[in-house]
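This report describes the architecture of the structure shown below, from helix packing to chain contacts.

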Amino acid sequence: MTTTAVTTKIGIRDVRKVFQVRDAGEPFVALDGVDLDVREGEFLALVGPSGCGKSTLLDLVAGLTAPTAGEIVIDGTPVTGPGLDRGIVFQQYALFPWRTAQANVEFGLEAKAVPRRERRERARHHLDLVGLTGFEERYPHELSGGMRQRVAIARSLAFDPDVLLMDEPFAALDAQTRESLQEELLRIWDKTGKTIIFITHGIDEAVYLGQRVAVMTSRPGTIKEVVEVAFDSRAGDLRADPVFGEYRHHVWTLLRDEVAAAQVLERKAATSRG
Amino acid sequence: MADRRSAPATGTALSEREPLELPTGLDRHVAPVAAPAYQPSVRTSRPSALARRTRRLASRAVTKSGAILLLLAAWEVLPRVGVFDRVFVPPLSEDLVVWYGLLLDGPLPEHLQASLIRSLSGFGLAIALAIPLGLLIGWYRPVADALTPLLEVFRNTSPVALLPVFTLILGIGETSKITFVLYACSWPILLNTVSGVKTVEPLLIKSARSMGLGPVRLFQKVILPAAVPAIFTGVRLAGAYSILVLLFAEMVGAKAGLGYLILDTQSSFRIPEMYAGIITISALGLLFNLLLLRIERRFSTWRTT
């Protein structure tokens with residue numbers, strides 16, 4: 001226990017999250033008994049059926065909401081609210097449309113009260129890191145979806161958080177853009193050594209990106225299994241590697257029953273409403 | 001109307017950014033921007049392109065001003081051929097001559113000044129009061145809950161119905177007229193500000209909160225900038241109201257102002273002078289709206305359609 005505690009970055013301890021639904025009698029249990037340790041510098045992919053509480057779990061780690069029971073610790077300190085030690089990247093980018101790419105990246109630095117000149121340099125540096133040199137003065141509506149997500153990633157990296165929380169960041173992008181961003185994310189992760197929690201509903205994406213893939217159950221969500229993913233070599237077309245296929249199949253098998261259960265839940269909810 | 005308004009803005013924005021060098025291979029990622037109808041491009045200055053553009057501009061000018069030219073022509077010709085009584089509708093040229101005379105050494109500047117001071121005061125006060133109030137109502141739920149019923153009552157009470165009340169309480173002087181304009185102008189600003197604050201994308205708020213922004217910074221850095229375009233739409237509407245409603249107040253009880261001029265000349269049968277007053281009002285309204293539209297556009301270049 002003592003040896004693992006040293007390398008644990010984020011500890012999620014028996015977390016339960018219940019929402020009080022308006023007009024409905026019974027409370028909505030989103031998460032129950034979630035236990036998960038994320039190691040320092042690890043890339044953890046989180047997959048689960050839709051509605052299993054993946055995003056809720058991310059909100060809890062981000063400190064945007066508080067758990068009903070259990071606790072989340074980062075570097076041994078319980079999370080009490082949002083902070084610049086964690087950066088979030090959302091699926092819908094969440095860029096400020098009235099700010100240029102440069103000014104968007106500077107946003108977190110302003111919150112951190114970084115002096116103006118340093119802000120500008122750091123924003124430029126991080127836009128460069130995501131391959132957007134020359135696009136500093138563009139507004140979000142002048143950029144493609146892939147470029148917007150690059151800006152969002154640059155914004156989250158610029159204030160130098162230890163942890164990057166990514167909520168299906170590439171789900172809205174086309175397949176080619178997604179693949180190139182996946183590769184780029186791995187490169188950035190390698191370069192910066194951030195701890196990353198990456199939510200996705202794509203099994204391929206999870207196996208491709210994650211050092212470990214945590215599979216969640218259907219609602220109320222909890223961790224079903226954590227799969228260690230290791231390849232002898234990442235060179236070449238990794239997705240065509242038979243080992244990749246094995247991991248993929250393993251995660252798929254774990255998920256299949258949960259997806260079926262989630263669909264039953266959804267149907268039940270729909271009929272009880274109707 | 002909407003695309004006519006936005007097209008030239010897109011055109012200039014694009015041409016300003018055109019010289020920007022794209023990293024090779026990345027330019028295909030640039031989001032397709034809707035082709036602007038009018039694009040003052042610097043690069044295509046070859047004679048043929050220039051000629052084509054001039055022709056296109058000319059044809060656009062004809063299309064856009066055709067109806068107005070037709071109206072002006074009818075105003076000039078119909079009284080002359082006897083369709084209208086020349087006494088009640090003098091030909092446009094006669095009205096313009098009278099207008100010019102009134103402007104140079106007549107009472108027109110004086111009336112114009114009186115009207116402008118009233119509308120701009122009322123309009124300015126409405127901006128100063130309604131924007132902060134709208135921000136409060138939009139942001140603080142309790143304030144909204146407490147004030148909304150009262151505001152609904154007043155919003156549905158025509159300013160015209162309240163003019164006699166203003167006159168009774170504030171007298172027939174400037175105060176009651178400015179208050180009247182203030183009242184009428186407040187509603188579009190207030191309602192647009194409230195909706196601007198309320199419709200801020202929740203994800204942006206979440207994103208800003210995740211970066212540790214407290215309520216004050218959140219308001220200053222996210223809510224306010226996000227609401228600016230809506231606020232300006234309200235301000236522009238109010239600008240039009242400020243002139244429209246003032247005329248009414250000036251017709252009911254005033255010794256100066258364009259509304260007074262129009263009613264006074266009508267009742268003393270100085271018909272061309274009456275039309276001179278109407279032309280002035282119309283031009284003033286158009287100019288004011290154009291100015292506000294410019295300002296609005298400046299503050300909302302980022303807003304996508």
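## Helix packing in chain B

In this predicted model, helix H4 (residues 108-139) of chain B packs against helix H7 (residues 174-198) of chain B at an angle of about 35 degrees, and their axes are 6 Å apart. Axes are lines fitted to C-alpha atoms, for helices over the stretch in contact, and angles run from 0 to 180 degrees between N-to-C directions. H4(B) and H7(B) form a right-handed crossing, the term for a near helix turned clockwise from the far one by less than a right angle, with anticlockwise giving left-handed.

The contact of H4(B) with H7(B) comprises 19 nonpolar, 8 polar and 4 charged residues. Here Ala, Val, Leu, Ile, Met, Phe, Trp, Tyr, Cys and Pro count as nonpolar, Asp, Glu, Lys and Arg as charged, and the others, Gly among them, as polar.

## Overall form of chain A

Chain A contains 8 helices and 10 strands, which are DSSP runs (helices H or I, at least four residues; strands E, at least two) numbered from the N terminus. Its radius of gyration of 19 Å agrees with the value near 19 Å for a compact globule of 274 residues, the rule being 2.2 Å times the number of residues to the power 0.38, over C-alpha atoms.

Of the 274 residues in chain A, 45% are buried (20 or more other C-beta atoms within 10 Å of the residue's own, with C-beta atoms placed from the backbone).

## Domains of chain A

An automatic or database domain assignment divides chain A into domain 1 (2-85 + 161-273) and domain 2 (87-160). Their centres, taken over C-alpha atoms, are separated by 25 Å. Domain 1 of chain A gives 18 residues to the contact and domain 2 of chain A gives 19, two residues being in contact if their C-beta atoms, placed from the backbone, lie within 7 Å.

On the domain 1 side, strand S7 (163-167) and helix H6 (175-192) of chain A each give two or more residues. H6(A) has the largest share, 5 residues. This side divides into 13 nonpolar, 2 polar and 3 charged residues.

## Contact between chains A and B

Chain A contributes 24 residues to the contact and chain B 21. Helix H3 (101-111) and helix H5 (145-158) of chain A each supply at least two residues of the chain A side, and the largest share, 3 residues, comes from H3(A). The chain A side consists of 15 nonpolar, 8 polar and 1 charged residues.

## Conventions

Residues are numbered from 1 along each chain as its sequence is written, while chains are lettered from A and ligands numbered from 1 in the order in which they are written. In this predicted model, local features need pLDDT of at least 70 and side-chain atom pairs count only at pLDDT 80 or more, whereas totals for chains, interfaces and linings use all residues.

Technical notes:
A residue is buried if 20 or more other C-beta atoms lie within 10 Å of its own, exposed if 12 or fewer, and partly exposed in between; C-beta atoms are placed from the backbone.
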